[in-house]
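Colleague: I would like to learn how to read the features of a protein model. Could we go through some together?

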Amino acid sequence: MKVIVKRYDKEVGHMAHISNTLRNLQKIVGGYIEAVAIGDVVIICDEEGLIKGKPFNCKIPHDSVFPLRFFGDIIVCSAEGEDFTDIDI
């Protein structure tokens, strides 16, 4: 699957081809995954990143008053239904 991987310690993400398996997604983000849909993209992150004390990665403006904040490494992809798919860039 073609995705963008954004490491917490890098300014920008990088394109990557990764295996679309639960085990691999968990390995990349370092924990149980949480998928957050924002428009046409999905951000996959560690659902306990903040609780685990992972470093701040980025914030994304959202419809609410507060931006979404992500901690630790994240994956950006697309989705069709409940399946993760290649990001369309």
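Modeller: What follows goes from a helix to the cores, then to a ring pair, a hairpin and single residues. Keep in mind that this is a predicted model.

Colleague: Let us begin with the helix. Which residues of α1 are buried?

Modeller: The general idea comes first. An α-helix has 3.6 residues a turn, so residues three or four places apart point the same way. In this structure, the buried residues of α1 are N24, L25, I28 and V29. They cover an arc of only 125 degrees around the axis, so they sit on the same side of α1.

Colleague: Which exposed residues does the face turned away from the buried side carry?

Modeller: That face of α1 carries L22, R23 and K27, which are exposed.

Colleague: And what do the buried residues of α1 pack against?

Modeller: They pack against β1, β3, β4, β7 and β8 (83-85). After α1 comes G30, which has a positive phi, near 80 degrees.

Colleague: How do I read a nonpolar core? Which residues touch the most other members of the largest one?

Modeller: Look for the members with the most contacts to other members. The largest nonpolar core has 13 residues, and V3, I18, L25, I44, I75 and F84 touch the most other members. Two or more residues come from each of β1 (2-6), α1 (22-29), β4 and β7. The element that gives the most to this core is α1, with 3 residues.

Colleague: Take I44 as a case. What does I44 touch, not counting residues up to four places away in sequence?

Modeller: The list for I44 is L25, V29, I33, E34, D73, I74, I75, C77 and F84. There is also a second, separate core of 9 residues, and V36, C58, V76 and I87 are among them.

Colleague: Now the aromatic rings. How many aromatic pairs does a search of the whole structure find?

Modeller: A pair of aromatic rings is described by the distance of the centres and the angle of the planes. The search finds 1 aromatic pair here. The ring centres of F56 and F71 are 5.7 Å apart and the planes stand at 75 degrees, so this pair is edge-to-face. F56 belongs to strand β5 (residues 56-60) and F71 to strand β6 (residues 68-71), so the pair ties together parts that are 15 residues apart in sequence.

Colleague: Is F71 buried or exposed?

Modeller: F71 is buried, because its relative accessible area is 18% and buried means under 20%. F56, at 40%, is partly exposed.

Colleague: What about the hairpin of β3 and β4? How many residues lie between the strands?

Modeller: The hairpin has 2 residues between its strands, and G39 takes a positive phi near 60 degrees. Strands β3 (residues 33-38) and β4 (residues 41-46) run antiparallel and are joined by 6 bridges. In this pairing, V36 stands opposite I43 of β4.

Colleague: Last, a single residue in a strand. Where does S78 lie?

Modeller: In a regular strand the side chains alternate between the two faces of the sheet. S78 lies in strand β7 (residues 74-80), and S78 is buried, with a relative accessible area of 9%. The side chain of S78 reaches the backbone oxygen of D86 at 3.4 Å. Beyond its neighbours within four places in sequence, S78 has contacts that include D40, V42 and F84.

Key. Residues numbered from 1 in each chain as written. Predicted model: local features only at pLDDT ≥ 70, side-chain atom pairs only at ≥ 80, totals over all residues. Heavy atoms only, no water. Helix = DSSP H or I, 4+ residues; strand = E, 2+ residues; numbered from the N terminus. Buried < 20%, exposed > 50% of the residue type's maximum accessible area, 1.4 Å probe, protein only. Polar contact = N/O pair within 3.5 Å; in protein donor to acceptor, adjacent residues only side chain to side chain. Contact = heavy atoms within 4.5 Å. Pairing = 2+ DSSP bridges. Core = buried A, V, L, I, M, F, W, Y, C linked by side-chain atoms within 4.5 Å. Phe/Tyr/Trp six-rings, centres within 6.5 Å; stacked < 30°, edge-to-face > 60°. Arc of directions from axis to C-beta.
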